[in-house]
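Dear colleague,

Please open it first, and then read the notes below alongside it.

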Amino acid sequence: MASTISPDQASSAGSSLSRRPVPGPRGIPGLGVVPQIVRDPYGSFERIAREYGDVARVPIPGMPFVLVSHPDHVKHITNTRHKDYPKPELFRDILFRDAPRFHGMANGDEWKRVRRVLNPKFTSRGLAPLEELIVAAITESVEDWDRFARSGEFVDIQEQLALVTMSVLLRSMFTRPASRAEIERLAESYLRITHGMAIAMLTTPLPNRIPRPFERRYTRAKEDVFAYIDAMVAERRQNPEVGEGDLLDMVLGAEFDDGSKLSDEHVRRELLGLIFGGYETTAAVMSWVLARLPRHPDALARAYDEVDALGGVRPGLDDMDRLPWLRACFDECQRLQGFSVNAREATVDDEIGGFHIPAGTTVAFSGQRLHRDPRWWRDPEQFDPSRFLDDDIDTYAFLPFGVGPRRCLGMRMAYMVGLWTLATVMQRYRFEHPPGWEPQPRFLFSSPVKGGVPVRLVPRTDP
């Protein structure tokens, strides 16, 4: 039965803490609920929260694990007490097992000092110099889709949006356009990286004797991306004036309070992490938009009206406020897209919702649960972008970019790339899905559409 304990019962350090144990399923001896999570990474956490309440124990061998499902609890671990809840070692080690880490996987002073020097570049003002690079990459990529429209055949638009996003990231990072072959190769390598990381999340608790062939593919893919980054850095050091104002220029020029800069190894890891954070996640959301909108004619018509009001010009920074409905569609797809879990690790004994949280406990929250909970969302299973224009959205119940001090650094850039790409695509095309096709999520960090998004592109004659 779900807990009715007040959500705001966390005690401050040093005070008397509850010893009340957290309820949860028993699981299978030696395996806990790992088999259920492997079979259904999305529904498993939602079912546990529904049955055991807003604070629920998830039995995973060798890992004390608690799932929280109330916005107040999310606020507690990501904001109010965020210093006591850093990234878990498990999550940090999936990408890099040794320091220096990409700042998104780092903790404490290691995270703080890098985040402080990167923050200014990812403000609206800091991103302004990238506008021309981003818009050019989007336009060139989408214009290439005319060949799909001429064929009249269905194309996996999710794959094409991933290539657009990779092109944008490489252009904004290194200024010079990447070749089609480079874009496709790096996109494939990143897909292997994210696939390997997703599998690692599910299999790390299992015994070491279990084979993990994905690790070799993951390592080779990471080495391929590193080789490309190293070549770009070497090229830039020979011609430093080429990319003034791009992301590589920003990382190379980042200077800490003591006057030191990132080491070469740290530079390559930050660049890999920045691409990782913005590549598949942005492409996946855009894919869900083009998977859902054609199934809702009224919402689609309103999006076209908004895009047509731009007058056919290439969208840019001045148009961000002119696309509120398209942004609402983007956010609604992020809400329904959800994510399996995001986690922190308690470094001190604590109390959440009246339950004892021992130090060393992994405390997680699930977007699949929070984004669809009828306590925080009206008609949560319905696709209704208007909720993001008309409703009072709880900040800690909508978490596509995380929340609190560790909220995703690239959030603004994701909206820029996502909205500009969608507007550019909609200026040129209409979309048709195969009869009877239904989109389903695939378990990766970004929750893309399983099997892709088959679309027939029809050139517009009425923009």
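A residue to begin with is Thr 78, which, leaving aside residues up to four places away in sequence, touches Arg 344, Phe 365, Tyr 396, Val 403, Gly 404 and Pro 405. Please keep in mind that this is a predicted model. Thr 78 belongs to helix α3, which covers residues 71-80, and the side chain of Thr 78 reaches the backbone oxygen of Val 74 at 2.7 Å. Thr 78 counts as buried because its relative accessible area is 2%, and the cut-off for that word is under 20%.

The other findings concern helix α18 (residues 411-428), which packs against helix α13 (residues 264-292) at an angle of about 35°, with the two axes 10 Å apart. The crossing in which α13 passes α18 is right-handed. On the α13 side the contact is made by Thr 282, Met 286, Val 289 and Leu 290, while α18 contributes Ala 414, Val 417, Gly 418, Thr 421 and Leu 422. By class, six residues of this contact are nonpolar, three are polar and none is charged.

Helix α15 (residues 324-337) also meets α18, and here the axes come within 10 Å and cross at roughly 115°. This crossing, of α15 past α18, is right-handed. The residues that make the contact include Phe 330 and Asp 331 of α15, together with Tyr 415 and Met 426 of α18. The contact of α15 with α18 has eight nonpolar, two polar and two charged residues.

How values were computed:
Residues numbered from 1 in each chain as written. Predicted model: local features only at pLDDT ≥ 70, side-chain atom pairs only at ≥ 80, totals over all residues. Heavy atoms only, no water. Axes fitted to C-alpha atoms, helices over the stretch in contact; angles between N-to-C directions. Helix = DSSP H or I, 4+ residues; strand = E, 2+ residues; numbered from the N terminus. Left-handed = near helix turned anticlockwise from the far one by under 90°. Contact = heavy atoms within 4.5 Å. Nonpolar A, V, L, I, M, F, W, Y, C, P; charged D, E, K, R; others polar. Buried < 20%, exposed > 50% of the residue type's maximum accessible area, 1.4 Å probe, protein only. Polar contact = N/O pair within 3.5 Å; in protein donor to acceptor, adjacent residues only side chain to side chain.
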